[in-house]
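Please look through the sequence and the coordinates together before reading on.

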Amino acid sequence: SIRRQRQMCIRDRFLIEFIILGAIGIFIFSSHAYQDFCETMRHGLTVWDALFDGKLIDFYAYCGGNNGGIYCGSDTLGTYMDARYDFTIYVIFAIWNFPLWLIEHFGGGNIQNSFIAMLYAKSMLLAAVAVTGRLIIMISAKITGNTQSTPGLVLSYLSSCTLLASLLIIGQYDVLALIFILAGVYFYVNDSQKYFFICFIIANSMKYFGLLYLLPLLCLKEKNPLKLAGKLALSMSLSVFWKIFFSLGTYGTAVLSNNDGLISMLTDYQVFSGVSIFWVSYLALVIHCYKRKDMSQARHYHEVIFAGFVTYMLLYTATPAYPYWVVLLIPFMTIMLHTSGSLYGLNTWLTIMFESALLIKHYTWYPWCYSRVTYGNMLLYKLCPNKAVGAPDIGRYINYWIEKFPTWHIPVMLSTVFTAAGFALILLNRPKEAGDSGDSALTYTQNPVLMRIRLAISLLILLIPDIYYIGVTSGVLKNMQP
């Protein structure tokens with residue numbers, strides 16, 4: 001009957017789940033404006049100031065340069081910060097926020113005081129995640145041949161609590177580079193080398209995360225070391241161009257240090273008095289990819305996704321990575337999860353363990369990313385103004401309860417859980433050797449019950465900072481302040 005068909009459509013397309021996810025997501029999205037996003041938004045607006053003054057080469061000086069930066073944020077909540085990234089990121093912010101620049105330039109005032117303006121600026125991230133979702137669908141369809149799995153695949157992608165926290169609360173813009181990384185993967189599996197390289201050249205000119213994945217990808221096909229080095233150098237051409245161009249400006253050679261923080265963080269976790277866990281593990285992946293040859297198409301597809309998954313999983317199992325970098329991992333985790341066949345159930349539970357423990361740990365490691373200064377003049381603050389001195393600190397509150405059970409060693413256990421789950425996912429999903437089902441085609445798999453369980457757990461953990469904020473403003477919970 002028509003009624004039964006309608007019920008099946010709602011169930012199979014997860015309409016109810018998307019409605020719940022959308023409602024909660026819009027609320028969280030509208031309630032936070034993390035300072036880092038406000039800073040880069042302001043620097044993007046400053047691109048137009050420098051351009052129309054005919055001094056684009058002095059852009060980094062316009063952003064404060066050696067004078068400690070320009071003021072970023074609303075009049076009641078902001079800070080002085082200079083521009084710290086390569087120029088491509090600021091170009092994207094500038095283009096998206098050009099209407100806001102016009103309003104501010106001709107109307108005066110600080111556009112970042114406007115709640116509506118901040119929602120518009122943050123909406124760039126929603127557009128970006130929509131593009132990445134579409135690219136995930138295209139890559140999955142190519143490697144599995146399944147074009148009917150779109151609703152489930154998208155729901156799985158958006159069920160990641162770590163992805164949602166990075167986008168909705170922190171407003172993280174590594175998703176912009178992710179667009180070009182995923183587009184590069186799509187062109188790679190379609191043997192379009194020209195567009196593959198263009199995508200990674202752009203991605204590498206934002207931050208250097210694309211470069212980490214590019215090397216294993218190249219090693220799967222290219223076995224000549226000199227050609228490998230040449231292609232890696234080519235992929236950094238736009239980044240090098242920006243550095244040379246802006247080093248000629250007022251800010252000078254200081255722009256050459258952009259993105260140095262990422263490189264130093266990759267060496268932070270060490271053993272045996274100086275051996276980097278990340279670099280040893282990463283080089284093992286590179287060698288694994290380099291030795292692969294004469295692969296079937298299915299095996300090659302598996303290696304491509306596995307290389308991306310391991311590269312970005314190592315950021316969280318082998319470095320003290322910032323919470324927002326996880327956006328790079330989730331697309332590969334999503335594709336791998338739904339092409340894992342009989343391992344789908346176990347992989348789902350390991351994914352839940354990894355993400356849940358990681359996000360709760362991040363609440364205590366990086367509390368300023370999830371509360372304190374993120375509310376500003378956004379929706380939740382307008383609905384529940386915080387009258388107390390100091391903003392509620394979810395990290396301190398969680399630690400307040402953790403300290404009541406010192407013998408449980410909860411912080412250590414959280415780190416152990418997400419690290420063990422991460423390495424388990426790597427070991428379980430490594431491509432099998434030929435003759436050991438290694439050449440079998442990848443097929444799409446999903447379990448609606450497990451998907452709904454994961455979504456429910458993710459939303460519950462995602463709401464913890466806002467539930468705490470509401471509890472503090474209502475007087476129900478203790479206000480732990482920074």
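In which helix does Ser140 lie? Ser140 belongs to helix H7, where helices (H or I, at least four residues) and strands (E, at least two) are DSSP runs numbered from the N terminus. This is a predicted model, in which local features need pLDDT of at least 70 and side-chain atom pairs count only at pLDDT 80 or more, while totals for chains, interfaces and linings use all residues. Residues are numbered from 1 along each chain as its sequence is written, and side-chain values use heavy atoms, with hydrogens and water left out.

Ser140 has a relative accessible area of 1% and is therefore buried, a term that stands for under 20% relative accessible area, with exposed meaning over 50% and partly exposed lying in between (1.4 Å probe, protein chains only). Leaving aside residues up to four places away in sequence, Ser140 touches Gly145, Leu153 and Tyr444, contact being defined as heavy atoms within 4.5 Å.

Ser140 also takes part in the contact of H7 with H8, in which Val129, Thr132, Gly133, Ile136, Ile137 and Ser140 of H7 meet Thr150, Leu153, Val154, Tyr157 and Leu158 of H8. By class, the residues of this contact are seven nonpolar, four polar and no charged; here Ala, Val, Leu, Ile, Met, Phe, Trp, Tyr, Cys and Pro count as nonpolar, Asp, Glu, Lys and Arg as charged, and the others, Gly among them, as polar. The axes of H7 (residues 115-144) and H8 (residues 150-158) come within 10 Å and cross at roughly 130°, which means that H7 is oblique to H8. Axes are lines fitted to C-alpha atoms, for helices over the stretch in contact, and angles run from 0 to 180 degrees between N-to-C directions; under 35 degrees counts as roughly parallel, over 145 as roughly antiparallel, 65 to 115 as roughly perpendicular and the rest as oblique.

How do H10 and H12 pack, at what angle and with their axes how far apart? Helix H10 (residues 174-189) and helix H12 (residues 209-221) pack at about 10°, with their axes 10 Å apart, so H10 is roughly parallel to H12. Asp174, Ile181, Val185 and Tyr188 in H10 meet Phe209, Gly210, Tyr213, Leu217, Leu220 and Lys221 in H12, and this contact holds seven nonpolar, one polar and two charged residues.

Helix H3 (residues 35-52) and helix H6 (residues 98-107) pack with their axes 10 Å apart at an angle of about 70°, and H3 and H6 are therefore roughly perpendicular to each other. From H3, Met41, Arg42, Leu45, Trp48, Asp49 and Phe52 meet Phe98, Leu100, Trp101 and Glu104 of H6; the classes in this contact are seven nonpolar, no polar and three charged.

Among the strands, E1 (residues 70-73) and E2 (residues 78-81) run antiparallel and are joined by four bridges, where pairing requires that DSSP finds at least two bridges between two strands. Tyr71 has Tyr80 in E2 as its bridge partner, and a hairpin of four residues joins E1 to E2.

Helix H18 (residues 330-337) is mostly covered, with eight of its eight residues buried, among them Phe332, Met333 and Ile335. Over the chain, 54% of the 482 residues count as buried, and there are 24 helices and four strands. Of the contacts between residues at least 6 apart in sequence, 79% join residues at least 24 apart.
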